[in-house]
Each structure stands twice: as C-alpha cells, then as structure tokens.
Amino acid sequence: MRSAIVFVIFLLFLITTQNVLASDVDISLNVRTLTIYTTENGSAEITIKNNQNFRDTFSITIFPPYYYGIIPALDRYSISLNPGESEKIKIYLEVPECAEEKPAFFSITARSVTNPDVYDSENLILEVVRKYGLCIYEFKLSQSKIEPGQNLTVEVLLMNPSETVSLPVSLQTNILRENEVISSQDNYIEAVEGKKIEVV
C-alpha cells in the first residue's frame, strides 16, 4: 500500500514538473480552423513566447509533415527569443487538386533546443473544400517525341476523391504548337464512382 502511495505521489510530481516546464514557452494560433479550396493556398499565424528568464532557441515542428498530398511549410523552423519576448511566424498550406474533402489535423510544436522538456503544442484544423467533383490525377504520353506518320496516345486519369458518384463532365485535350491549337479532342464522361479513377 505504501509503495502504491509513493508511486502515485511520484507520478503527480512528474506530471506537475512537466506542466511547469511546458509553460516556459507558449505557442498560439490566430485561427484554430483554416478553410482552403483545392488548388489554392492558405496560411495561419503562429505566436511563440519565451516565458523563461533567459534567452533560448526553439525549434518548430509540424506533425504530420505530409497528409494526402498536403505538405505544410513554415517560413522559419527555429526562433531565438529573449526572456518574455514573443514573435510571429507563418505556416503555409497548399491544397492539391485531388485532395479529399475532409478535415486534416496538424500539430505544431515549439520545443527548446537546450531543454527538450520545455515545449508547447497547438492544433490546426484544415477544412478542405473541393472546387470540382473530379480532378486530373495524372496524364501519360505514349512517347515524348513523334516522327511524321507516327501516332501519339494521350492517356488522362480522372479521379473522384469523394465517396459519392460524380456528376457528368466534359474533358477537352488540346495539342499545341507554338501556342496554337493544332489538334483538339472532347470526351464526355457520364460519371465516375466514388474513390475511383477513370482512364480516358
């Protein structure tokens, strides 16, 4: 029984110590949720404050570093602050055309490089809004150069990132030479099943 009480007291001491150390740096966001349309960029502002009584350097990390084509980036990955000083940095998010329309969660952490136990974290929620039901996932050419009399095949992969069936779309493929359209082909796609790829 005595051992259990000592263990609980020790555990509470550890948790309290970690909380005290964690409060030595504060990290905050100007927004908790960021809404970005596919193919567009967005940013949020991060404020980091050094609550210690000495100058310290903090590393800033994002987890996950990659989320289904979305790669978050910071304008700075480390920052040096005097006692009581705070500074702002930015996080940038670029949403690819084929991103799914569902929330993405990113954890941003500022951690002291001199004492790893001194840290603070905040979560940023990214709400993705799709501009179009389908997206061009990839396109392939049968060859990169063609000689007179040869044929070229253009293969376009249309993706439906949503769970539901897409609406009908028209796909136009143009071949240009010196900025002039020399060949054009239209394809009508009735529908693409959810989470499927249609090859045109």
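**Ground rules.** I am working with a predicted model, where local features need pLDDT of at least 70, side-chain atom pairs count only at pLDDT 80 or more, and totals for chains, interfaces and linings use all residues. Residues are numbered from 1 along each chain as its sequence is written, and side-chain values use heavy atoms, with hydrogens and water left out.

**Largest pocket.** I looked up pockets on a 1 Å grid over the protein atoms alone: a pocket is an open set of points where a 1.4 Å probe fits, with protein on both sides within 12 Å along at least five of seven lines, and lining residues have an atom within 4 Å of a point. Volume here is the space filled by probe spheres set on the points, with grid points joined across faces, edges and corners. The largest pocket comes out at about 400 Å³. It has 17 lining residues, and Leu-152, Val-154, Thr-173, Ile-175 and Ser-183 are the closest to its centre. I then asked which strands (DSSP runs of E, at least two residues, numbered from the N terminus) build the lining. Strand 11 (154-159), strand 12 (169-177) and strand 13 (180-189) each give at least two residues. Strand 13 has the largest share, with 5 residues. I sorted the lining by type: Ala, Val, Leu, Ile, Met, Phe, Trp, Tyr, Cys and Pro are nonpolar, Asp, Glu, Lys and Arg are charged, and the others, Gly among them, are polar. The count is 9 nonpolar, 7 polar and 1 charged.

**Second largest pocket.** This one holds about 200 Å³. Its lining includes Ile-136, Phe-139, Leu-152, Val-154 and Ile-175. Strand 10 (135-141), strand 11 and strand 12 each give two or more residues to the lining. Strand 12 supplies the largest share, 6 residues. I count 9 nonpolar, 3 polar and no charged residues.

I checked pairing next; two strands pair if DSSP finds at least two bridges between them. Here 4 strands make an open sheet, in the order 1-3-7-5, with antiparallel pairing. Strand 1 (25-29) and strand 5 (73-74) are at the edges with a single partner strand each, so one side of each has no neighbour in the sheet. Strand 1 is joined to strand 3 (residues 41-50) by 5 bridges. Leu-29 has Ile-46 as its bridge partner in strand 3.

**Strand 4.** Which way do the side chains of strand 4 (residues 56-63) point? Asp-56, Phe-58, Ile-60 and Ile-62 point to one face and are buried, buried meaning under 20% relative accessible area, exposed over 50% and partly exposed in between, with a 1.4 Å probe and protein chains only. Strand 4 runs antiparallel to strand 6 (residues 78-81), with 4 bridges, and antiparallel to strand 8, with 6 bridges.

**Ser-112.** This residue sits in strand 8 (residues 104-112).

**Glu-138.** I placed Glu-138 in strand 10. Glu-138 is partly exposed, at 34%.
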